[in-house]
Amino acid sequence: MVSALCGLLFALITWQVLVSGPLLSPDERLSRAVVRALPDAVTQRLSDLGNVPVALPVLLLAMAYAARRGNRLGVPAAGLAMAAVPALIVPLKAWTGRPGPLEPWASGYFPSGHTATALVAYGAAALLVGPYVRRKWWPMAAALALAGTTAAGLILRGYHWPLDVLASVLMCVPLLLGVRWATQRSTRRSSG
């Protein structure tokens, strides 16, 4: 149900981007209101949390830890979810060709690859580590904080429109639900 809703909302936003629909006007107004609200040095650091060299090692460490603990299904599911990010994002960027907030001459800003990378890498890492820690809520809280910080940095720096970021979140939720399902199955098998 959640995946279907995410898919429907993602399709709606993508359609609005393709046809320059009415959702783009409030998106652009919101962007103009918040871009450069914080110093570029701050927002650059925040947006850098979604870079592959930053986020991917976190996921790889979590995958190694979970594999060592015997998580046979969650680890490959997390790897596949991460591999799906560029496989989905790159063609969508080429297809939509949306210009950026500060670079109207450039294209390929929809959906946000940095947001997707951060959300899947940190979210999947949290799902893999969560079953093995005492306070099971903190890995996901940390992952959401890191992904949210990345998304905010991208919008405040002017790298992405808010709808670019929202579309990436909607695209990644089903991927993370798949990782959660695989991890839960694997940890139930190993404890049972």
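1. The secondary structure of the protein chain consists of 8 helices and 0 strands. Read from the N terminus, the order of elements is α-α-α-α-α-α-α-α. The radius of gyration is 17 Å, close to the 16 Å that the globule rule gives for 192 residues, so the chain is as compact as a globular protein of that length. Please keep in mind that this is a predicted model.

2. Some overall values come next. Along the principal axes, the C-alpha atoms fill a box of roughly 55 × 35 × 25 Å. Buried residues account for 47% of the 192 residues. Of the contacts with a separation of 6 or more, 79% are between residues 24 or more positions apart.

3. The accessible surface of the chain is about 9,800 Å², and 68% of that area belongs to carbon and sulfur atoms.

4. How many salt bridges does the chain have? The count comes to 4. One of them joins Asp27 to Arg98, with the closest N and O atoms 2.7 Å apart. This pair links distant parts of the chain: Asp27 is in helix α2 (residues 24–34), while Arg98 is in the loop between α5 (74–96) and α6, 71 residues apart. Asp27 has a relative accessible area of 5%, so Asp27 is buried. Arg98 is buried as well, with a relative accessible area of 4%.

5. Arg98 also forms a salt bridge with Asp164, where the closest N and O atoms are 2.8 Å apart. Asp164 lies in helix α8 (residues 162–191) and Arg98 in the loop between α5 and α6, so this pair ties together parts that are 66 residues apart in sequence. Both Asp164 and Arg98 are buried. Through shared partners, salt bridges join Asp27, Arg98 and Asp164 into one network.

6. Another salt bridge is formed by the side chains of Asp40 and Arg36, at 2.9 Å from N to O.

7. Phi of Arg36 is near 65°, which is a positive value in a residue other than glycine.

8. Ser20 also has a positive phi, near 50°, and is likewise a residue other than glycine. Ser20 lies in the loop between α1 (2–19) and α2. At 56% relative accessibility, Ser20 counts as exposed, because exposed means over 50%.

9. Pro111 is found in the loop between α5 and α6.

10. Leaving out residues up to four places away in sequence, Thr115 touches Ala151, Leu154, Val165, Ser168 and Val169.

Terms used: Residues numbered from 1 in each chain as written. Predicted model: local features only at pLDDT ≥ 70, side-chain atom pairs only at ≥ 80, totals over all residues. Heavy atoms only, no water. Contact = heavy atoms within 4.5 Å. Helix = DSSP H or I, 4+ residues; strand = E, 2+ residues; numbered from the N terminus. Buried < 20%, exposed > 50% of the residue type's maximum accessible area, 1.4 Å probe, protein only. Rg over C-alpha atoms; globule rule 2.2 N^0.38 Å. Areas by Shrake-Rupley, 256 points an atom, 1.4 Å probe, with all protein chains shown as cover.
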